[in-house]
Every structure is written in structure tokens, then in C-alpha cells.
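Colleague: I would like to learn how to read a fold, feature by feature. Please take me through one.

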Amino acid sequence: MTRPTIKDVASMAGVSVMTASRALNNQPYVSAEAAQRVREAVEALGFRRNAFARGLPSAQSFIVLMLIGHGTSDLPGQFQRHAVERCRDLGRHLIVDRPPTGGGAVAYVEGLIDRLRPEGVLLWRPLADDPRVLAMLAGRSVPFVRIDADPALAGDLVSIDHAQAMTTLLEAVDAGAAAFVHSEADGWLARQRREAVLATARTVRLCPAPSADFGAGLEWGRRLVAEDEPPGLIVADHDELALGLLAAIKSQPPSRRPVLACLEDSGSVSLVAPEIVRLIQPLEAMADTALGVLAQEAVAEPYRFRPLFSRPGGKTSDAVLI
């Protein structure tokens, strides 16, 4: 049975979500009559109040803060659209900011905490992988959830299992020999992907690229399709690499074109090249889970989602927890 939300309480009481939230938090500007209807609706529905900031007695800002990085990924924007809807159900407002890079990040985030008094924080990379930021938030008892970040660090994490992504793809695409064209970055995500490839070394070979751009993908693509027996599957870890690979693949007759997959869920790839099989992040389910964790709802752990891949044309299956 679906748990009743504050939106259900507001609807039964005949008030707005914000009024219901204010009544539940004993805030001003709520009439006695409206407050009574909210209490009756809570009892009738069996609603359990969401407590974002149990460790912050004075925090009643109704704000959730989401902090994103400076990369080109469109994942945070897609996640944000779903998080706004979830916050609305919870009677909260979502504020998004992009802190500066470098040594000033911690001071900047601390200043935001002082000004906004958020009742919870959603962190994207690189802040989600910055031990200084995590220690500051923990020291100030600010609830936070890390999105799509290093699983080895402390704090609640909502993510897909990147290490499992390659195995999932190989199981889904029966293409024989495969090649993994990847950038030479040394972050945790690159390490997880390489480790997954090495675990399937009999069928996959590593193809390190000096950069994650179109030119590097085009160069590797030309080398791979020129082989006497080109791989049946080529996997790229960045969208620019994938587009370069695709340009080389399209120079071949259809009978010699391998399946091309990309481990970056990019909207540009889905629009420009729908034939590329894409790793799909179940962002709606991830946003729902992350806000549920902040709201201290009964969300089953772990908050890890099975990697999903599109089929040519953009079709995919539903998100499944692992």
C-alpha cells in the first residue's frame, strides 16, 4: 500500500501543501480551523510526519539545497526536475547552487548553510566526493545525501552500481568480442569501470584514449573498424568519445558495424545519435529515494539501482533496485 504523503493530507484537509506543512510544524499564519482539519486528516490517513532536521531544532526553512558541479553532464538538471516535484509533495522548496571549484568550496557551502538553513542537502560530484565538505556537514548535523558518488566515502548514497554496468551491458548485448574505449582519468568512477572490464577480460579489451573528446573517439573507431575481425561491441565511457566512434563506424557497410554503447547518460547522445545504446540513470526513482532519505521515510537500503541500458531508438525497462 502506498504511504500517504503530505499532499494527501493537504487534499483531505482542503488546504495547500504549504499550509499543511506549516500546521504540522506549528508555524504561524495557519488558522485554528485549518490546523484542526490537518490534524484530523493526519489521523484518518495514518500519516507519519517527515522530519528533515531532527538534529537542528531551530531549522524550519522548508528548504532543500542541491549542490552541483561544473561539468557538462546534464544528469543534475534531469534529476532536479524530479526533485522539484518530490519536494513539492513534501512541502519543501528546492534551491540549486553551483559552488566554486578549488579551496573555497567548503567556505562557500558553509556560507550557504548559514544563510539558508536548509533542512537537507543533496550533493553531486565533486562536492559529494570532497571529505572536507562531508565532514563540515556532519559536524553541523546537516542531513545530506550523496548522488552518484564514490561508494567508499561516508554518508547516504543514492546511485547506480557503476561497477556492475559493464557486466549488465555484456549480458544485454550478445555481440561476441568487445572493446572498451575509455579516458585515462584516475577517479573512482574510472577505476570501477576498468575493474569491471578486467573481470570480463576474456571478452573485453581496454582501449585507453588520451582524452575524452570526439577526436580521440574517431581515432580509436578507425583503428577498430579497420581490423580483420572488428569487435562486435564497442563501449565508450564518455559521450564525446561515443560520437567520435560513431563517425568512424558509419564509414563501414552495415554488415561490419559493431554495436556502440555509451556509459554516460547524455541527453545530447539520445537526441543526436539514438542508435547508440546508452546507460540510463533512473533519475526519477533516485530523486524520490534521496528525498525520502532526507525526510526520514522508511526507505529500504541499500539505495543502489541496477544499471539500465537503452535499446536503439531510446527504449528501456523500468528501474530496479539491486
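Modeller: Six strands form an open sheet in the order 7-6-8-9-10-12, and the pairing is mixed. Strands here are DSSP runs of E with at least two residues, helices are runs of H or I with at least four residues, and both are numbered from the N terminus. Two strands pair if DSSP finds at least two bridges between them. Strand 7 (204-209) and strand 12 are the edge strands, and each pairs on one side only.

Colleague: What should I know about the model before going on?

Modeller: This is a predicted model: local features need pLDDT of at least 70, side-chain atom pairs count only at pLDDT 80 or more, and totals for chains, interfaces and linings use all residues. Residues are numbered from 1 along each chain as its sequence is written, and side-chain values use heavy atoms, with hydrogens and water left out.

Colleague: How many helices and strands does the protein chain have?

Modeller: The protein chain has 12 helices and 12 strands.

Colleague: In which sense does strand 10 pair with strand 9, and in which with strand 12?

Modeller: Strand 9 (residues 259-262) pairs with strand 10 in the parallel sense, over two bridges. A261 stands opposite V277 in strand 10, and C262 has R278 as its bridge partner there. The chain gets from strand 9 to strand 10 through helix 11 (residues 267-272), and this β-α-β crossover is right-handed. To judge that, point the strands away from you: right-handed means the path from the first strand over the helix to the second runs clockwise. On strand 12 (residues 308-309), strand 10 pairs in the antiparallel sense, again over two bridges. There, L279 has F309 as its bridge partner.

Colleague: Which way do the side chains of strand 10 point?

Modeller: V277 and L279 point one way from strand 10 (residues 277-280), while R278 and I280 point the other way. All are buried. Buried means under 20% relative accessible area, exposed means over 50%, and partly exposed lies in between (1.4 Å probe, protein chains only). Across the protein chain, buried residues make up 50% of the 322 residues.

Colleague: Which helices pack on this sheet?

Modeller: Look for contacts, meaning heavy atoms within 4.5 Å. Helix 7 (residues 162-172) touches strand 6 (178-183), strand 7, strand 8 (233-236), strand 9, strand 10 and strand 12. Its direction makes about 155° with that of strand 8. Axes are lines fitted to C-alpha atoms, for helices over the stretch in contact, and angles run from 0 to 180 degrees between N-to-C directions. Helix 8 (residues 188-198) lies across strand 6 and strand 7, at about 160° to strand 6.

Colleague: Is Q192 buried or exposed?

Modeller: Q192 is in helix 8. Its relative accessible area is 15%, so Q192 is buried. Leaving aside neighbours within four places in sequence, Q192 is in contact with P151, H162 and A163.

Colleague: What is the order of strands in the parallel sheet?

Modeller: This open sheet of six strands has the order 2-1-3-4-5-11, with parallel pairing. Strand 2 (93-97) and strand 11 (304-305) stand at the edges with a single partner strand each, so one side of each has no neighbour in the sheet. Inside the sheet, strand 1 (residues 63-67) and strand 3 (residues 120-123) pair over four bridges. V64 has G120 in strand 3 as its bridge partner. Helix 4 (residues 75-90) lies across strand 1, strand 2, strand 3 and strand 4 (144-147), running at about 160° to strand 2.

Colleague: What does D89 touch?

Modeller: D89 is in helix 4. With a relative accessible area of 22%, D89 is partly exposed. Beyond neighbours within four places in sequence, D89 is in contact with I6, K7 and V17. The C-alpha atoms of D89 and A10 are separated by 9.7 Å, although the two are 79 residues apart along the chain.

Colleague: How many aromatic pairs does the structure hold?

Modeller: Rings of Phe, Tyr and Trp (its six-membered ring) pair if their centres lie within 6.5 Å; planes under 30 degrees apart count as stacked, over 60 as edge-to-face and the rest as tilted. The structure holds one such pair. The rings of F79 and W124 have centres 5.3 Å apart and planes at 80°, so the pair is edge-to-face. F79 lies in helix 4 and W124 in the loop between strand 3 and helix 6 (131-139), so the pair ties together parts 45 residues apart in sequence. F79 is buried at 0% relative accessibility, and W124 is buried at 6%.
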